[in-house]
Amino acid sequence: MSVSLVLEQLLNGLQFGLMLFLLSAGLTLVLGMMDVVNLAQGSLYMLGAYFAATLAAVTGSFWAGVAGSVLGTALVALLLEVSVLRRVYGADHLTQVLATFALILVFNEAVRAIWGPQALLLAVPPELSRPVTLLPGLSYSAYRLTVIGAGALLAVGMFLLIHRTRLGMWVRAGASNRRMAQAMGVPIRDVFTGVFVVGAALSAVAGALLGPIFAVQVGMGEDVLILAFVAIVIGGIGSVKGSLAGSLLVGVVDTAGRAFLPSAFGLLFAPEVASNLGPTVASVLIYLLMAVVLFVRPQGLFPVHG
Amino acid sequence: MRSRWAFGVVVVLAVSLLVSGLAGGQARALRIGFVSTLSGGGAALGQDVLDAFQLALRHLGGRLGGLPVEVLTADDQLNPDVARAAVERFLRRDRVDLVTGIIFSNVLLAVGDLVFSSGVFYISPNAGPSEYAGEQCNLHFLNVAWQNDNMHEAMGHYATLKNYETAFILAPNYPAGRDALAGFKRFYKGRVVSEVYTRLGQLDYSAEIAQIRAARPRAVYAFYPGAMGVNFIKQYAEAGLMQQVQLLVPGFSADADVIRAVGKPMVGVFNSSHWALELFNPINRRFVDDFRRTYGRIPTLYAAQGYDTALAIDHGLRAVAGDLGRKADFRKAILSGFDSTRGRVRFNKNGYPIQDYYLRQVVELPNGEIVNRLRGTIFRNHGDAYAGKCQLP
């Protein structure tokens with residue numbers, strides 16, 4: 001096991017983790033501030049990818065596609081918040097889960113009706129479709145490096161917004177204790193609408209940037225939504241810092257599990273057993289991680305509620 | 001009041017029975033339940049099989065073995081549970097005469113028993129699991145394409161001929177993936193440095209590609225159909241591995257659906273197939289030309305298989321004059337061989353083909369089109385490794 005292999009797998013984990021963060025940041029604030037379980041976050045991620053693929057095909061520029069998709073998804077999120085989500089704020093979790101699960105079905109069928117059941121193509125921009133040599137013997141996809149850069153930039157931006165601005169203070173206050181914040185004069189409703197739209201825009205960035213790595217297809221949001229929920233539960237619901245830590249942990253553990261577990265089992269068991277056991281255990285590894293974190297710290301790594 | 005209400009119901013029932021009886025009496029339509037993967041990452045495969053099946057029906061005048069045909073379609077979403085529900089509905093409610101269409105082996109293995117135990121034939125246009133080739137072979141099962149191992153056996157043999165001493169092999173973790181690597185290893189005489197199984201439907205292969213780079217094998221063999229293949233090959237090229245390690249794939253990972261999505265990086269890739277665009281026989285010429293004209297895209301090997309499935313059913317039904325009740329005769333007629341897009345296809349007693357396997361290479365034509373070209377024959381009259389265990393006559 002060489003250093004460059006470990007390094008490359010770390011980069012892979014980092015790239016995946018940062019994209020997961022873009023999805024989970026919105027999710028954790030919505031859940032932490034308004035106590036709303038929003039399963040439709042994955043649909044906004046899917047919508048972001050579809051908008052990006054369509055606009056990139058029309059304009060011929062990948063980056064124009066990303067920019068347009070962020071605006072388009074934010075607009076859809078605004079409409080969604082005003083028309084549907086506002087009605088379920090006070091409701092119990094089961095009602096919210098049902099309502100937002102219904103939204104998943106509506107979005108999936110709408111996308112199927114508009115774009116068809118086949119996956120769309122979103123190509124890596126040509127200037128980034130070649131490998132970059134980082135160290136002798138370690139070349140890495142230029143596009144993935146760009147994704148890491150964009151994810152890191154947005155994470156820093158989110159951190160500054162939440163921890164260094166008045167708006168961020170309101171958001172943190174709302175996440176910690178909504179009623180108290182309201183009593184102190186924080187316009188929670190408007191702040192929440194803003195948070196929801198920003199969360200959706202971040203999801204759209206993730207969808208657009210991951211489009212060329214995964215595939216732009218119906219149902220792409222559900223797979224990643226589960227991982228995002230795991231990430232925010234690990235990090236502590238309501239905490240952006242926690243969702244970043246949780247996302248990076250999930251990204252790195254998932255990648256490392258897939259990369260190193262099967263060969264580790266190969267040393268212990270017969271090849272047939274190892275080839276069955278390796279992928280199976282690797283796929284449950286992040287849930288094991290979640291179980292361990294919850295056992296040690298039931299509130300997650302960065303609890304917000306006092 | 002009550003009796004008048006009941007009388008009304010009886011009248012309605014009687015009339016509807018009468019009408020349905022009349023409809024049934026007019027012409028005995030052959031009902032085909034077509035369950036396939038029509039959404040998600042495997043959608044292109046199911047769509048190709050379905051489109052080509054419909055094209056063959058048009059070429060045959062809308063009839064199979066002289067019977068008018070009604071095709072009922074269902075999307076299995078690559079989910080065995082969804083497929084089971086669809087097949088259950090086909091068998092119980094729609095009372096189909098025949099089932100076909102499934103792409104993925106894990107889906108087929110989930111519904112096979114259900115179809116066979118209802119006494120209905122399943123004619124496979126694609127999935128060819130080893131489970132149904134050996135001891136569990138079934139009177140009601142026929143595969144017009146190949147047994148899962150075959151394409152990979154051909155590439156294993158080719159890798160041996162090319163003297164690639166070491167190979168890194170990968171496949172999705174599902175029955176056909178395990179069959180694939182078993183098939184490759186059966187004919188590959190070099191050393192397998194690593195055998196990796198990934199989650200079915202996985203789309204990010206960065207972790208696996210890093211392992212390949214670290215292992216420095218002479219060749220990589222990867223079985224990834226549909227969107228999985230598109231992503232694996234794109235990412236393999238983006239990581240700069242195309243120039244460093246020879247990539248070998250079966251035809252599934254290098255046909256028109258993958259080429260359309262990956263583009264130029266595919267040029268030069270060698271792959272195995274039982275069918276090729278330029279096979280010279282009248283059936284294939286007509287199929288390729290009309291498929292391109294009708295659907296505006298280059299047909300894949302999946303499309304050829306869908307087309308052949310209709311031809312096989314037609315051939316079998318002609319032999320029994322449209323009477324699917326004569327099961328043994330229907331089966332025997334197909335097994336004795338039918339004319340397909342690959343010429344005459346013969347079969348083993350387990351219902352799987354004995355046929356030639358070719359080497360193809362992806363090339364760029366002067367007009368910029370990227371297609372597969374025939375480069376030679378790897379196996380002649382090749383059957384599968386499991387037929388000996390099949391107890392059927």
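The model is a predicted one. For the complex, the predictor gives an ipTM of 0.82 and a pTM of 0.86.

**The two domains of chain B**

Colour chain B by its domain assignment. Domain 1 comprises 26–146 + 279–347, while domain 2 comprises 150–273 + 358–382. A distance drawn between the C-alpha centres of domain 1 and domain 2 of chain B spans 27 Å.

Now display the residues at which these domains meet. Here 20 residues of domain 1 of chain B are in contact with 17 residues of domain 2 of chain B. On the domain 1 side, select α2 (43–59) and α4 (105–117) of chain B, each of which supplies at least two of the residues that touch domain 2. By residue class, this side of domain 1 of chain B divides into 11 nonpolar, six polar and three charged residues.

**The contact between the chains**

Turn to the place where chain B meets chain A. The contact draws 26 residues from chain B and 29 residues from chain A. On the chain B side, select α2, β8 (191–198), α7 (206–215) and α8 (226–238), the elements that give two or more residues to the side touching chain A. Which of these elements of chain B gives the most residues to that side? It is α7(B), with five residues. Coloured by class, the side of chain B that touches chain A shows 12 nonpolar, 10 polar and four charged residues.

**The largest nonpolar core**

Finally, show the largest nonpolar core, which has 220 residues. Then select helix α1 (residues 3–34) of chain A, which contributes the largest share of the core, 14 residues.

Leaving aside residues up to four places away in sequence, Tyr221(B) touches Met155(B), Ala159(B), Ala167(B), Ile169(B), Phe184(B) and Leu248(B).

Methods:
Residues numbered from 1 in each chain as written. Chains lettered and ligands numbered in written order. Predicted model: local features only at pLDDT ≥ 70, side-chain atom pairs only at ≥ 80, totals over all residues. Domains from an automatic or database assignment. Contact = placed C-beta atoms within 7 Å. Helix = DSSP H or I, 4+ residues; strand = E, 2+ residues; numbered from the N terminus. Nonpolar A, V, L, I, M, F, W, Y, C, P; charged D, E, K, R; others polar. Core = buried A, V, L, I, M, F, W, Y, C linked by C-beta atoms within 7 Å. Buried ≥ 20, exposed ≤ 12 C-beta atoms within 10 Å, placed from the backbone.
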